[in-house]
Amino acid sequence: MNTARISPFKAAFIFTAATAYFYLLLFTLRPFLKSAFTMNPALCWFITGYFLFIPLFALALVLAGAEGNRKMKPIMAALNLRPFSKKDRLYSVTGLLLVLVFTALIFGVSSILNKRCGIRPLDTTPWFMEMRPFRGAEKLLLLVWLPMFFFNISCEELLWRGYIQKRLRGRYSWLLCSLLWLLFHLPFGLDLMIMLVPAILIIPYAFHRTRNTLVGIFIHGVYNGPLLVAVAMGWIR
């Protein structure tokens with residue numbers, strides 16, 4: 001297995017290019033889908049997500065392969081994807097619990113500030129994502145969402161953690177990766193970025209301590225996925 005170091009400038013370039021591509025899709029593909037087709041608004045985001053996350057997933061594989069890793073097994077090893085150890089399980093569960101607790105605290109503070117000071121509560125729905133409970137056959141749209149969700153979580157963790165963070169030098173390289181990952185969430189808007197701060201900090205730190213991309217995939221996936229399903233099924237509003 002061959003791996004190489006990358007500079008903070010290269011890391012910043014990859015994150016910035018991905019963010020610019022994200023914006024491009026939101027201002028070109030998404031409005032085209034909305035105007036050209038009659039579909040559930042959530043489907044516009046699902047399709048846009050495929051165009052965003054599949055190329056990033058492929059980029060992680062290509063970058064790892066460019067280091068001389070020609071077969072899938074060494075590519076996965078180069079991206080630090082391996083089975084859980086006891087330590088990995090500990091950081092996965094602890095990291096997930098901390099993300100949930102601190103996210104709940106942010107919601108709680110926002111609610112208190114709204115009630116006592118009249119400050120607008122955090123809006124946790126991105127401007128480009130229109131979600132409403134699915135009715136009847138619309139629930140089948142979750143079958144369209146599920147592969148997109150897979151590419152969303154896996155591509156971010158493989159590229160941001162398994163490729164970039166692993167190859168950054170320095171004791172606090174995880175913090176740089178956190179800041180760059182926050183940059184990638186600029187299209188989601190300030191409110192959602194505030195809500196995501198716990199995940200933005202804890203997931204890179206958990207990877208820093210375990211060097212296992214699967215830890216980030218677990219925390220990221222369990223944190224993100226059930227919430228969308230609950231909204232889509234009308235369990236929460």
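In the predicted model, helix H3 comprises 25 residues, which at 1.5 Å a residue should span 36 Å. Its end C-alpha atoms lie 37 Å apart, in agreement with that expectation. At the start of H3, a side-chain oxygen of Asn40 comes to within 2.8 Å of the backbone nitrogen of Ala42.

Side chains of opposite charge can pair when their charged atoms come close. With a cut-off of 4 Å between the side-chain nitrogen and the carboxyl oxygen, the model contains 3 salt bridges. One of them joins Glu67 to Arg167, with an N to O distance of 2.7 Å. Glu67 is located in the loop between helix H3 (41-65) and helix H4 (72-78), and Arg167 belongs to helix H6 (residues 141-167), so this pair ties together parts that are 100 residues apart in sequence. Glu67 has a relative accessibility of 15% and therefore counts as buried, the limit for this class being under 20%. Arg167 is also buried, with a relative accessible area of 1%.

Another salt bridge is formed by the side chains of Arg120 and Asp191, at 2.6 Å from N to O. This pair likewise links distant parts of the chain, 71 residues apart: Arg120 is in the loop between helix H5 (86-117) and H6, whereas Asp191 is in helix H8 (residues 190-210). The two partners fall into separate accessibility classes. Arg120, at 53% relative accessibility, counts as exposed, because the threshold for that class is over 50%. Asp191, at 12%, counts as buried.

The salt bridge between Glu157 and Arg161 has its closest N and O atoms 2.8 Å apart. Both residues lie in helix H6, separated by 4 residues, or about one turn of the helix. Glu157 and Arg161 are both buried. Helix H6 thus contributes to this pair and, through Arg167, to the pair with Glu67.

In soluble globular proteins, nonpolar side chains tend to be buried together. The largest nonpolar core of the model has 62 residues. Within this core, the residues that touch the most other members are Phe46, Trp160, Ile164 and Phe184. When residues up to four places away in sequence are not counted, Trp160 touches Ile14, Phe15, Ala18, Cys155, Gln165, Cys177, Trp181 and Phe184.

Methods
Residues numbered from 1 in each chain as written. Predicted model: local features only at pLDDT ≥ 70, side-chain atom pairs only at ≥ 80, totals over all residues. Heavy atoms only, no water. Helix = DSSP H or I, 4+ residues; strand = E, 2+ residues; numbered from the N terminus. Buried < 20%, exposed > 50% of the residue type's maximum accessible area, 1.4 Å probe, protein only. Expected span 1.5 Å × (residues − 1). Polar contact = N/O pair within 3.5 Å; in protein donor to acceptor, adjacent residues only side chain to side chain. Core = buried A, V, L, I, M, F, W, Y, C linked by side-chain atoms within 4.5 Å. Contact = heavy atoms within 4.5 Å.
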